[in-house]
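Hello,

My notes on it follow below.

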Amino acid sequence: MTGQPVAVVRIQADDFDVALETERLRAGNSDVGAIVTFLGVCRDETGTLSALELEHYSGMAEAEVARIAGQAIGRWALAGLTVIHRYGRIRPGENIVLVATASKHRRAAFEAAEFLMDYLKSSAPFWKKEHRADGSAGGWVDARESDDAAAARWKK
């Protein structure tokens with residue numbers, strides 16, 4: 001691969017364009033043979049959810065996600081990666097997170113994307129609160145045991 005891999009990490013309130021971000025990831029690198037994207041979207045939980053509210057500590061979240069992105073670049077032969085995570089009130093159907101990885105070969109791109117998503121689901125410094133469609137109080141969402149188990153496989 002040409003040049004040093006680039007990690008783009010953005011924590012933002014605004015939505016993002018998946019196609020544009022994918023094109024940015026591969027621009028100028030004709031040696032990229034695989035780009036894997038994961039798009040996390042807010043679901044409505046069978047009509048019971050009106051929104052998710054995502055909070056983070058500004059500065060800390062960016063630094064932690066950048067640290068993990070650096071681990072991914074060090075662990076897999078990547079040409080680059082992009083992680084965009086939104087915060088604020090996000091309604092069903094809206095984008096929450098994008099993880100995109102580029103590599104010469106698909107396995108590295110897939111594994112790095114899974115590694116990043118497993119971290120984001122289990123350990124990243126974001127907090128989610130549910131807002132119910134019926135107006136009742138929604139609670140804070142805890143990481144699931146299955147998310148922790150998925151993340152644990154990368155500690156080998």
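This is a predicted model: local features need pLDDT of at least 70, side-chain atom pairs count only at pLDDT 80 or more; totals for chains, interfaces and linings use all residues.

Leaving aside neighbours within four places in sequence, His 131 is in contact with Thr 48, Leu 49, Ser 50, Ala 51, Leu 52, Glu 53 and Arg 89. His 131 is found in strand E7, which spans residues 126-132. Its relative accessibility is 17%, and the cut-off for buried is under 20%, so His 131 counts as buried.

Two of the residues in contact with His 131 also make polar contacts with it through their side chains. The side chain of Glu 53 is 2.7 Å from that of His 131. The pair formed by the side chains of His 131 and Arg 89 is at 3.4 Å.

The other item is helix H1, residues 18-26. Its buried residues are Glu 21, Thr 22 and Leu 25. Seen down the axis of H1, these fall within an arc of 100°, so they line one face of the helix.

As for the ends of H1, Asp 17 caps the N-terminal one, with a side-chain oxygen 3.0 Å from the backbone nitrogen of Ala 19. Just after the helix, Gly 28 takes a positive phi of about 75°.

Regards

Technical notes
Residues are numbered from 1 along each chain as its sequence is written. Side-chain values use heavy atoms; hydrogens and water are left out. Buried means under 20% relative accessible area, exposed over 50%, partly exposed in between (1.4 Å probe, protein chains only). Helices (H or I, at least four residues) and strands (E, at least two) are DSSP runs, numbered from the N terminus. The arc is that of the directions from the helix axis to the C-beta atoms. A polar contact is a pair of N or O atoms within 3.5 Å; within protein, one must be able to donate a hydrogen and the other to accept it, and residues adjacent in sequence count only if both atoms are side-chain atoms. Contact means heavy atoms within 4.5 Å.
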